[in-house]
Amino acid sequence: MATRTARRTGALSKERIVEAAIGILDTDGEGALTFRALSARLATGSGAIYWHIADKQALVAAATDHIIAGMMAGLATPRAPQDAIRAVALGVFDALDAHPWMGALLSGDPWQRAVLRILESVGRQVQALGVPDDALFNATTALMNAILGIAAQHAAAARLPRDTERSAHLTAMAAEWAELDPAEYPFVRQLAAHVPGHDDREQFLAGINLVLTGIESIRERSPR
């Protein structure tokens, strides 16, 4: 009996478990991910899963890291530092768009492996831009805040009712802004007209470009 169990556990790899978990998360959200549901999908006992994964938190973290690592591997082509940073940023954006459940984890746990992968990649490119050592920390973390800020937005969006469409939600929000007191909120009212039709990806990249412009100015001011 022990031999059969060992063989079964060996056949059930951590990668298979993580991929099955991603399938549940993508289809039904984090609330549907239980070890019972995972056991049913994998046609195995929960004990075999616990052999590889300690708990649900570790499982979601592993699923997030699996997706981010795959995204990074797909970007492994030489390019100029600024283009490489844009590629990583848009890769994170697209990964979150495809897997919105990652938003809460990426925005809530800055020391997890998936975030460190992003930090390592972005930091190397900031160094390649010629940013001086005393500005590296601030420059890199500013980019990381811009990149991971979209994760917080996805986490917030994930809390909306599942039948809430983006366009309807933004239209309703813009209508509320337009009704604000013009003396107290003149700027917010002015922005209201731009809210419903804006492109999230384009807006995100514009923010990344603004940070890169600031970093470039640091490099230009540094002693040669």
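This is a predicted model: local features need pLDDT of at least 70, side-chain atom pairs count only at pLDDT 80 or more; totals for chains, interfaces and linings use all residues.

Which residue forms a salt bridge with Asp65, and how far apart are the closest N and O atoms? I looked it up: the partner is Arg117, and those atoms are 2.5 Å apart. My rule for a salt bridge is a side-chain nitrogen of Lys or Arg within 4 Å of a carboxyl oxygen of Asp or Glu.

Residues are numbered from 1 along each chain as its sequence is written, and side-chain values use heavy atoms, with hydrogens and water left out.

Entry: salt bridges. I get four of them by that rule. Arg117 sits in helix H8 and Asp65 in helix H5 (residues 56-73), so this pair ties together parts 52 residues apart in sequence. Helices here are DSSP runs (H or I, at least four residues), numbered from the N terminus. I checked accessibility too: Asp65 is buried at 14% relative accessible area, while Arg117 is partly exposed at 32%. Buried means under 20%, exposed over 50%, and partly exposed in between, with a 1.4 Å probe and protein chains only.

Glu120 pairs with Arg124, with 2.6 Å between the closest N and O atoms. They are four residues apart in helix H8, so about one helical turn separates them. Arg124 is exposed at 54%, and Glu120 is partly exposed at 42%.

Arg86 and Asp83 make another bridge, at 3.0 Å. These two are three residues apart in helix H6 (residues 81-98), again about one helical turn.

Entry: aromatic pairs. I count two (ring centres of Phe, Tyr or Trp, its six-membered ring, within 6.5 Å). Phe35 and Tyr50 are stacked, which takes planes under 30 degrees apart; I get 4.4 Å centre to centre and 20° between the planes. Phe35 belongs to helix H3 (residues 35-42) and Tyr50 to helix H4 (residues 46-50), 15 residues apart.

Entry: the second largest pocket. A pocket is an open set of points on a 1 Å grid over the protein atoms alone, with protein on both sides within 12 Å along at least five of seven lines; lining residues have an atom within 4 Å of a point. Helix H9 (133-158) gives the largest share of the lining, five residues. I also found Trp111, Phe137 and Met144 among the lining residues.

Methods
On a 1 Å grid over the protein atoms alone, a cavity is a set of points where a 1.4 Å probe fits but cannot get out, and a pocket is an open set with protein on both sides within 12 Å along at least five of seven lines; lining residues have an atom within 4 Å of a point. Rings of Phe, Tyr and Trp (its six-membered ring) pair if their centres lie within 6.5 Å; planes under 30 degrees apart count as stacked, over 60 as edge-to-face and the rest as tilted.
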